[in-house]
Amino acid sequence: MASQGKGIPLQEVQGTPDYCNEAVFRRNTLPPRSYYIPETSLLLNGQWDFHYAQSPPEAPEPAPKGSQSSVEEWTTIEVPGHWQLQGYGIPQYTNVIYPFPVCPPYVPTENPTGTYRRVFDVPSTWDFSSQLRLRFDGVDSAYHIWVNGVLVGYAQGSRNPSEFDVTPLVDRTGPNEIFVRVYQWSDGSYIEDQDQWWLSGIFRDVHLISLPSESRIEDCFVRADLDSDYKDGKLKAAVVIKTTSNATVKLIVRELPENGGDVLSSSETTIGEGGRIELETSVNNPNKWTAETPYLYNVEISLSASSSTQTVHQKVGFRSVELKHGLICVNGKPIRFRGVNRHDHHPKFGRAVPLDFIRRDLRLMKTHNINALRCSHYPSHPKILDLADELGLWVIDEADLECHGFYDAVARPLDIPEEMDYEERKKLAFPQAAKYTSDNPSWEAAYVDRMEQMVQRDKNHASVVIWSLGNEAFYGRNHVAMYEYAKKADPGRLVHYEGDAHAKSADMFSYMYTPVDMLVKLAQTEDVNDDGSFEKPIILCEYAHAMGNGPGWLEDYEEAFRTYPRLQGGFIWEWANHGLWKEDADGRSYYAYGGDFGDSPNDATFVMDGLLFSTHQPTPGLLELKKVIQPVKLVVEGDSLLVSNLYNFTNLDHLAATWKLEQFCETTSLLASGNLDLPVIAPGTTATINLPESVFNHKSDKEVYLTVIFRLQDSASWAEAGHEIAWFQHQVSSAEPRLLASSLSSSVASKLSREDVATRTIIKGENFSFVFDTARGYLTSWESGGTVLLESGPVTRAAIIPSFWRAPTDNDNPLSLPYWKRFGVDTLTSQLRSLTINIAADYAEISTTTFLSPPILAWGYVTTTKYNISAAGVLTVAVVLKPTGSIPKHVPRVGVDLRLPRAGFDKVAWHGLGPGESYPDKRQAQRMGIWSVDSIAELQTPYEVPQENGNRMATRWVLVGDRLRATAGDRGSWSENCDSEFSFAASRHGTATIQAASHPCDLTEDDATLLRLDAKVAGLGTAACGPGVRDDLLVKVEDMRFEFILEAVGA
């Protein structure tokens, strides 16, 4: 039987709850250690009893072992999990602001409290005298734990583990009860203000662990380093031993079983008492671990005493990390981070993420050329680092620390405007905000504890090259203490913290969302010596905010990284949207964001800012990133292909290169193809490869493109053989002039006639008719072969009309949208100024002058539109724009809107960039070709916050429903400030519908097909959090002219 100890008191300081005392964050917990779960462990996940109370005093009390259980109403809950996602309370999302009054360390009286209870039995096969521990890998936000009615301990630090020695309290022959009281809010919540949902409960694994009682390995720190020549391996193991007798400690390094399992090196020592011992051994010229070559070995540390042996296994990679010549170097070479920030997130389980879901995340990263992971902004699931070691990712492991909500507590009373320069706002608010916790000595121990927990848990992983002191917690004395702890505990890694603007206690300068020009200036000037040298590199811990339709600027950032070696890359914000699946009583279902659960205050859609949808399926932004950061750069010069290897450590021997030559017109013709023989191309070098003569021998009056693709030759741990790593297209020949569909068919020309009926003029041919509204100056209908091709819209009454508006994107919302609305770009009206009609037997020309302008304001476009109708029924629409008055500087787009019937206009084919959407600063991932879809819906990108989407650039022709074909007019009909080729978008969702929709389920379809043909479209930028659209990618309000040719097909 277990002894019934008295346990610890409920409060460390009488009268002050532990969860309101910053000096109390661990009570009766065991020292932190590296993550290792032995075979003698019992996973306690699954269904637990659960009670939910509005405050701690209303929570049930544990019953002493053998007495009657409490009479409160209990239900059940799944562990791991969050109670808000299982019917208790509601999720709440904030980005910066605290959802409670700011008065640390105190928390609201209404402090929802979840009480967990379950029974376990100790396996009979375990040693009866073993030490028993309860391990919790993640509980949000603080908790007390009882075993058999005895209070064992207390812990906080939601994303950090805690272990409790429960040996004297456990009955090894009968049932035992665990009773855990979890508090939603604690003083720790002030420093856990990360940009994510506030979710509570036991959300990671719970284990009962059995370890030898007399002699055991408490912890080990295995460092697999390299010598000064980066050739031979030096393995050092610092092992913490508990023993009461003589014992032998043995260290063995061996190959993994899949690599033969051979023993490479070993070392052993005999000890007579416990403590910390050091073991060393060496390995001659081991395979080096890098993110590109993640070669692992197995280390076994065994402790033999009397007749028992305990063995701990740890996979390691030999590598060194250091600052060298002012750069982050691994194995003596500078590295480049092509990284992402990743939160733990699952659309149904929140931060209780299944391991297979995490593995899928990391495989997606690798298959999209991502080589680095920042665990934002807390230590992730403990097994994620096993995967990063195995698959190959550089990791910044970040302490569970963020408190930027103090900024608003300071800034709002000061009325600091958000539009003020960020650096100026920092000067006004950050020093005061830091005084709450970061620069407050009473919080130092809590800060250092969060660093210690992370370092000790994750110290044995090759993938972790940098520790981070947290995120957006200002800067103060407690960060210095964290840095000093990290350097003392683990001098073999670098330390990061963006909040340390001058890198006083960080090994690098780190910035967020810095515009490219400013970033380049920082690389050239920040802490640079007179001779141009520098001591520390620069990284972007967050950049290219991937919210909604975006991000723009990726190629610009990548070019800066390539040009300035001091810029060692960065981490996209962020990996995935955090939408939580929600099903409403009215039948609506969607991925919810802030406010959707009735949570207030909230930061709305800012939680939907990832490269993946909430389902963790790629958005177009991830595909764009993969292309921009591909590790092989390709350029055609003359008859040769220049191949640049952008890897840091590997040549290109693992890749196979193929090429194909294609001709594009109405269909795609494969002219030639083959394989490329690659020479050895060392990392960071460029080789010249002679292209086959057949690439340039094909003479054609059509567009001909060379496509080169690099694929994996063999399967890897993260992808199958044949997976595409990099690709490149080069235009070999262009097509001139454009061909009309009518010239490709047997269309019969006929004489044209005119009929005037009231305010309508009808132009008729043999098998077609055009109807014009002479009161307004617009085409309202077009029929051909008995089929309606264009029809009038319900608001404008026009079938085709010049247009400058589109639904905004998330990146438009902060700056561009209010600017455009200030100028009424979304409310333009049309005034007819003149209309003339000229008709002959073989052509008709209708010329209109309209003034497109908004109410209230005194600006607009004087618009001349000429409709030319040929005897074959081909319609040419030429538009000339002349802005006048107090004009805006830019608009979203310039083009025409067309309204087609719904029925019969579902299929779309086009020659241009595809298959996905493209914009001026988000088009690298799309290839020139001839593409087709069977439905309009396939052209849409289902952003979880509805917004502008689906544009296709560089279009030569588009065919809708196999009935209506659009091309651009001759180049001479286009002004130089138009795009070189036109863009199109087709949808069933009107702009107003998209703007009004909160979620995709709110989108209602028009009974029409809405086609957009544009002469120029704006870039996307990253202004949701970062720089806006590059100036040359804005659509300036200026004189423009363009022309489209529309033809009936198959009439």
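Over residues 762-1047 of this predicted model, the chain is 46% strand and 5% helix. The UniProt record, an unreviewed entry, assigns residues 762-1047 the feature "domain: Beta galactosidase small chain/". The points below turn to strands S28, S29 and S30 and to helices H3 and H4.

**Strand S29 and its partners**

- Strand S29 covers residues 464-468 and is mostly covered, with five of its five residues buried.
- Strand S28, residues 394-398, runs parallel to S29 and is joined to it by four bridges.
- In this pairing, Val464 of S29 has Val395 opposite it.
- Strand S30, residues 494-496, also pairs with S29 in the parallel sense, here over three bridges.
- Ser468 is positioned opposite His496, a residue of S30.

**Crossover from S29 to S30**

- A right-handed β-α-β unit is formed by S29, helix H6 and S30.
- Helix H6 spans residues 477-489 in this unit.

**Helix H3**

- Helix H3 comprises residues 405-414, and its buried residues are Gly405, Phe406, Tyr407, Asp408, Val410 and Ala411.
- These buried residues of H3 pack against helix H4, which spans 422-434.

Conventions
Residues numbered from 1 in each chain as written. Predicted model: local features only at pLDDT ≥ 70, side-chain atom pairs only at ≥ 80, totals over all residues. Heavy atoms only, no water. Buried < 20%, exposed > 50% of the residue type's maximum accessible area, 1.4 Å probe, protein only. Helix = DSSP H or I, 4+ residues; strand = E, 2+ residues; numbered from the N terminus. Contact = heavy atoms within 4.5 Å. UniProt positions renumbered as here; feature names shortened; annotations may be inferred. Pairing = 2+ DSSP bridges. Right-handed = clockwise from strand over helix to strand, strands pointing away.
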